[in-house]
Structures are given as structure tokens and as C-alpha cells.
Amino acid sequence: MKLFLDTAIVSDIEERVSTGLIDGITTNPTLIRKSGRDPWKVYTDIIELGVEDLSIEVNGESSKELIENAVCVNKNYGNVATIKLPCTIEGLKACKYLSNIGLRVNMTLVFTVSQSILCSLAGATYVSPFIGRMDDNSLDGIKLINDISNIYASNGVKTKVLAASVRDVQSVGVAFGVGADICTIPPKVFDDMASHVLTDKGLEQFNRDFLA
Ligand code: G3P
């Protein structure tokens, strides 16, 4: 059971990574755009925080282009970089090649069990089902996590299930409960996981009683 942070805001990462509870960072082109910064500088800053697993999405029409861009990312960031690829035929071909040469690959934009099967056959390190976006479209994101986890477990698949597009605290517990290996979550969800109104209320009372 591991938590990754899903953001490209370096200050947000720094604050949460300092807890020692975060095992990796995932980014995507939208998160990078929202940071308003040069992607390469963002990745460098994240790695300088001591992050050991950073998902970096690469772009390309063909598997050849995806592979070239992935190799370039790997040259710059070495083993810290996990190459994030879209779950398309070209992405799967690139995944197979990159996994064979020893790179970690995170297959993203996964919405079906069938896609997850292909990702595992392509040697992906992580498969990222987007549970929030499924729920947005009246599909059952948690059921997908459950189905993929069961199929992977019963077939001895090594690919880890990385629940992505997680938008609330409750989904984290439920996703782990049905077999997710990792949840990648926005900083606010991480903060919300630690807090409860009854913890605050109880602590107020205990602090008063300490002083009494
Ligand atoms: O890791 C993928 C995730 O960032 C997508 O989240 O909220 O844009 O669906 P969301």
C-alpha cells in the first residue's frame, strides 16, 4: 500500500514529501501546464527533493517517437523517471520495448480490464485506471480497480495497480480495499486524509486538560 502525489507544484510536493509518507509523484501534461513552468525545470526540482519515482508523460504519434522521447527523459533523469505512456497500440508497443530494456513504465488513461491485460502483457510496471473520470461518465471506477486487481492476482501478474484520478478521501480507502497497490492523489486529498473534526475537537480538550 503506497501513496503517490499527483501534482506538478513543487512547493506542494516539498511540504508533503517531508512527512516521509509519499513514495512517488505522478505528473501529466495538464498538471505541468497548470504549474505554468518549464516541464524540465519542474522535473529537476522534484527530483532534487529526493523523490525516487517520478512519472513523466511523453508525447508522440508513433511508438518510435514515444520511445525516442522516453529515452531522452531517461538520459536526463535516469532511474528516477517512470515513463508514462498512453494506453494505445503505439503506447503498448513502446511499453513493451522500454520495459524490455529495463525502464519503468506507467500506462495511463486506462478505462477497461482489457486495456489493463494488454498493459501487463507489455510489461508495464504500473497500470493507471482513472477512477474519477470513470465516475464522471457514470462508469464504476472502483469496480474497475477491483476487477483488474483480481485478474492480476489470479494470474500472478507483477504490474502494480495505481489508482489515478482520485479526488476524495473516501475513494483512497475503498481503492486500497479492493486491491489497488498505489493511489496517486492531489495534495488536498493527502491533507484531508490526516484530518478529522473529532481529532481536532479531542485535541483541543486534551490540550486544555494538559494545562489544567
Ligand atoms: O493521474 C491522472 C490524474 O491526474 C487525472 O486526474 O482529476 O484530471 O481526472 P483528473
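Student: How far does a polar side-chain atom of D6 lie from an oxygen atom of the ligand?
Tutor: In this predicted model, a polar side-chain atom of D6 lies 2.4 Å from an oxygen atom of the ligand, where a polar contact is a pair of N or O atoms within 3.5 Å. Local features need pLDDT of at least 70 and side-chain atom pairs count only at pLDDT 80 or more, while totals for chains, interfaces and linings use all residues; residues are numbered from 1 along each chain as its sequence is written, and side-chain values use heavy atoms, with hydrogens and water left out.

Student: Which residues are around the ligand?
Tutor: Around the ligand are D6, N28, K84, F130, R133, A164, S165 and R167, each having a heavy atom within 4 Å of the ligand. An N or O atom in the side chain of N28 is 3.1 Å from a ligand oxygen atom, and for R167 a polar side-chain atom lies 2.9 Å from an oxygen atom of the ligand.

Student: Switching to helices, at what angle do helix 3 and helix 4 pack?
Tutor: Helix 3 (residues 39-48) and helix 4 (residues 63-77) pack at about 45 degrees, with their axes 11 Å apart; helices here are DSSP runs of H or I with at least four residues, numbered from the N terminus, and axes are lines fitted to C-alpha atoms over the stretch in contact, with angles running from 0 to 180 degrees between N-to-C directions.

Student: Which residues make that contact of helix 3 and helix 4?
Tutor: Helix 3 contributes W40, Y43, T44 and I47, and helix 4 contributes C72, V73, N76 and Y77, with contact meaning heavy atoms within 4.5 Å.

Student: And what about helix 6 and helix 8, where do their residues meet?
Tutor: V113, S116, I117, C119 and S120 of helix 6 meet L144, D147, I148, I151 and Y152 of helix 8. The axes of helix 6 (residues 113-121) and helix 8 (residues 141-154) come within 10 Å and cross at roughly 40 degrees.

How values were computed
Helices (H or I, at least four residues) and strands (E, at least two) are DSSP runs, numbered from the N terminus. A polar contact is a pair of N or O atoms within 3.5 Å; within protein, one must be able to donate a hydrogen and the other to accept it, and residues adjacent in sequence count only if both atoms are side-chain atoms.
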